[in-house]
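This report turns to helix packing and then to the surroundings of the ligand.

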Amino acid sequence: MLARSAVRLHALSAKRALGSRLASTKTLKETLQEVIPAKQEQLKKLKTEHSQTVIGDVKVENVIGGMRGLKSMLWEASVLDPNEGIRFHGMTIPDCQEKLPAAPGGKEIIAESMLWLLMTGKVPTEAETRQLSQELAEKGDLPAYVENLIDSLSPSLHPMTQLGIGVAALNHDSVFQKAYERGMKKTEYWTYALEDSLTLIARLPALAARIYRNIYKPGNELPAIDKSLDLVGNYTNLLGYGANKDLTEYLRLYISIHGDHEGGNASAHTAHLVSSTLADPYLSYSAALFALAGPLHGLANQEVLRWQLAMQKELGDNITHDHIKEYLWKTLKSGQVVPGYGHGVLRKSDPRFIALQEFCDSRPDLLASSTIQLVKKTFEVAPGVLTEHGKTKNPWPNVDAASGCVLYHYGLTEFKYYTVIFGVSRALGALTQVVWARALGLPLERPKSLSMDALQQLIKV
Ligand code: AMX
C-alpha cells in the first residue's frame, strides 16, 4: 500500500515538474532517454564481439597493491589520464570552463551544468541548466524526520559521520526501493535511480548546511531554499555566506570540477559497489561518504590546512622557502605523509589544483592572503623535497593542496567541515554512475580474492 502510494507520488511529482517547465526545453530525464539506447547498444556489441579480448594482465603487484592500475571497471562520465588529468566525457577543465553555463551574473561552472554533462555527455543549454536548477531547488527541502535526526546528534560527532547518517536516512523516501518492492521491470530501474539521485543531490545543501549550523553556529536561523538560485548558490546561502559572491563562485567551481574523478577512487568505487547490489542511491552514496572520510582520500583537505597552520604556528610570519623545506623534511622524517601531494593515478600537477590557483590569481585579496601565499610557496618547494625523499610516485600537488586554504581565507575556518563540501560535490559523479549502471544493467560486483597460499600456488604454475 505504502509502496504503491510512494510510486504514485513519484509519477505525480514528475508530472507536476514537467508541467511548470518551458515547453521547448527538454528535462534531464528526457535527454537521458534519448542517449541511453545508443550506449546500451554499444555495451551489447562489446559483450558479444569482445568479451574474450585481453586488455591487460593481472600481476601479483595488482593483487597486493590495492588493485592500482587494474583496468576492471566500467565508468562512463570521466576518465583520468595520469599526465593530463581528468576529462569529463572527453572535456578538460578549461574546456568545461569555456563551454558549460555559469550562474546568472557568475562566471564559474555550476553544479547543474556539470551534472548535465556527466549524465548525458552533452553540454547543456542555458535554458536546460536553469530548468535543472529549478527542479533541484523545488526538491531541496529536508523532510522533518531527517531534520530531527540530525538535530539529535551530538555536535562532537564528526560532520562526515553526520552527513553519512543523514544521507542513509533519506532512503526512507526512496522511490527506487519502493518500486523494487512493488516489482518494477529492469528497464525501469534507471528512471527510479535517477529520481532518487536528483532528490538526494537537491537535498544535500540543506542537509550539509544543517550539520554546519548545528556544530558551529547553534541558534542561527537557517534560511529557506531560494527557488530562484542554483544548487551552490543555495548551499552558500544556507551556510550563512550568501553575501560573499567570491566564495559562492569559488564553491561553484570547486564543487563542479571535483564532481567526478573516474571510478576507481575509494568513494566512487564504494558507491558503485554498493549500488551493484541494487541498494538504493541513498544507501549507496552514504557508504561512499564513509570512504571519503578517510585521511588518504577526502579528509586530505582538512589535513592540508591543519598541517599548514601548524607550520605557520611553528615558523611564525616571513616563512622562507628554506623554512618550508625544513618543515617538509620534519614531516617526512616523522613518518607522516605531506597532505595535498601525491595521487593514486596522477603523475603531474592536478589540473583541478591549477584551476583553483588560477581562481586565486584572478583576485587581489586572495593573492595578498598569507594562507594562499603559503600554498604557493609550498608548491614551489614540496615537489623537489618529495622527489629527493624518493618514495611517492607523484611529487606534485593534488586538488586538496589548495582547496581548504581558499575556504579558510574567506572565513569558513572550520576545517573539520571541509570534507562535507567534497561530499556534496562527489555526489554528482557517483550518482551519475548509479543511474548509468542501472541503465546498462551492470551486474553485481564480485571480484575474486586470493589468500597468500593460493597466490603462491598460482605463481608456481
Ligand atoms: N608524502 C609522503 N609520502 C608519500 C606521499 C606524500 N604526499 N604520497 C605518497 N607517499 C608514499 C606512500 O605513503 C607510499 O609509501 P610506502 O611505500 O611506505 O607505503 C609511497 O610513497 C608510494 O605511494 P604512491 O604509490 O606514490 O601513492 P599511493 O597511490 O599509494 O597513494 C595517496 C596516493 C594520495 C594516498 C598518497 O599520495 C598520499 O598519502 N598523499 C597525501 C594525502 C593526500 O593528499 N590525499 C588526497 C588525495 C586526493 C583526494 O582524494 N582528495
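The crossing of α2 and α21 is right-handed, the near helix being turned clockwise from the far one by less than a right angle. Helix α2 (residues 28–50) packs against helix α21 (residues 418–439) at an angle of about 60°, and their axes are 10 Å apart; α2 is therefore oblique to α21, a class left over once angles under 35 degrees (roughly parallel), over 145 (roughly antiparallel) and 65 to 115 (roughly perpendicular) are set aside.

For helix α15 (residues 300–315) and helix α16 (residues 321–333), the angle is about 120° with the axes 11 Å apart, so α15 and α16 are oblique to each other, and their crossing is right-handed.

## Basis of the model

The model is predicted, with local features requiring pLDDT of at least 70 and side-chain atom pairs pLDDT 80 or more, while totals for chains, interfaces and linings use all residues. Residues are numbered from 1 along each chain as its sequence is written, and side-chain values use heavy atoms, without hydrogens and water.

## Ligand surroundings

Around the ligand there are 20 residues, of which Gly340, Tyr341, Lys391, Lys393 and Asp400 come nearest, where a residue counts as near if one of its heavy atoms lies within 4 Å. This shell divides into nine nonpolar, seven polar and four charged residues.

Oxygen atoms of the ligand lie 2.9 Å from a polar side-chain atom of Arg68, 2.8 Å from a polar side-chain atom of His297 and 2.7 Å from a backbone N or O atom of Lys393. Taken alone the ligand exposes 900 Å², of which the protein buries 76%, with accessible areas from the Shrake-Rupley method and a 1.4 Å probe.

How values were computed
Polar contact = N/O pair within 3.5 Å; in protein donor to acceptor, adjacent residues only side chain to side chain. Nonpolar A, V, L, I, M, F, W, Y, C, P; charged D, E, K, R; others polar. Axes fitted to C-alpha atoms, helices over the stretch in contact; angles between N-to-C directions. Helix = DSSP H or I, 4+ residues; strand = E, 2+ residues; numbered from the N terminus.
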